[in-house]
Amino acid sequence: MTTIADNLRKLLAEIPPEAKLIAVSKNQSVDAILEAYQAGQRIFGENKAQELITKAPQAPGNIEWHFIGHLQTNKIRQIIPYASLIHSVDSFRLLREISREAGKQGRNTRCLLQFHIAEEDTKYGLSLEEAEEFLDQWPIPDINHVSLCGVMGMATFTDDENVVAREFAHLHEIYLHLKSKYFPLDDSFKEISMGMSDDYRIAIQHGSTMVRVGTRIFGHR
Ligand SMILES: *Cc1c(COP(=O)(O)O)cnc(C)c1O
């Protein structure tokens, strides 16, 4: 039986040093998180507000928590104290609300814009058109408690690696386009969050800087 530490070691051997591993601990116990922590892992991702706010206070304080799931506006207030990066900003209404709440709490919250790159229409995310319509006005004076740090996307759930590769290449292009058009001098805008247990290798080949891996670290649950 392989342990969480073994799984982490294998993964880290495959991930280039410039990319970060986000250990997706959704549905996992605090004990499982501690096991990964003791093996050296420091960045964890949760996709439900309730799970994040329950587990984070029970875990070591120097863990960097990322929020990776669909975020409802009524949950923003609770996650702001914990979330060092929100990967899943899929509307500008949401971004505005995050900024407002971060401001109230005296914080600045780092965010990624989530793009819809998959064929399936079940996945959340912005289109390039929507993003540009908004970013044409960026920076917006009353949205000043968030930093835009890059993009995030999820590929189609399929065994066809060509489809997945095409979608990740597309997200990389979106990133490069936005970077050159809106953020050329902004060093914070640098992240491409893509790749999960079944497709992180393809994501890395296409320039991922953050892979979000759950099952391959913690097993099925
Ligand atoms: C669950 C989840 C992951 C990790 O998925 P695995 O297949 O378990 O690696 C990554 N990103 C998001 C947004 C998720 O919800």
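**Notebook: loops, a helix pair and the ligand site**

I began with P139, which sits in the loop between α6 and β6 (146-153). The model I am working from is predicted. I checked the peptide bond between W138 and P139 and found it cis, with omega at about 0 degrees.

Next I looked at the loop between β1 (20-24) and α2 (30-38), where N27 lies. N27 is not a glycine, yet its phi is positive, at about 65 degrees. I noted both entries because most residues other than glycine have a negative phi, and most peptide bonds are trans.

I then turned to the helix pair. Two packed helices are described by the angle between their axes and the distance between the axes. For α6 (residues 128-135) and α7 (residues 161-182), I read an angle of about 15 degrees and axes 12 Å apart. The angle is under 35 degrees, so α6 is roughly parallel to α7. I recorded the crossing of α6 past α7 as right-handed.

I listed who makes this contact. From α6 they are L128, E132 and L135, and from α7 they are I174, H177, L178, K181 and Y182. Sorted by class, the contact has five nonpolar residues, two charged and one polar.

Last, I went to the ligand. Which residues are around it? I wrote down V24, K26, N47, I68, M154, M196, S197, R212, V213, G214 and T215.

Methods: Residues are numbered from 1 along each chain as its sequence is written. This is a predicted model: local features need pLDDT of at least 70, side-chain atom pairs count only at pLDDT 80 or more; totals for chains, interfaces and linings use all residues. Side-chain values use heavy atoms; hydrogens and water are left out. Axes are lines fitted to C-alpha atoms, for helices over the stretch in contact, and angles run from 0 to 180 degrees between N-to-C directions. Helices (H or I, at least four residues) and strands (E, at least two) are DSSP runs, numbered from the N terminus. Angles under 35 degrees count as roughly parallel, over 145 as roughly antiparallel, 65 to 115 as roughly perpendicular and the rest as oblique. A crossing is left-handed if the near helix is turned anticlockwise from the far one by less than a right angle, and right-handed if clockwise. Contact means heavy atoms within 4.5 Å. Ala, Val, Leu, Ile, Met, Phe, Trp, Tyr, Cys and Pro count as nonpolar, Asp, Glu, Lys and Arg as charged, and the others, Gly among them, as polar. A residue is near a molecule or strand if one of its heavy atoms lies within 4 Å of it.
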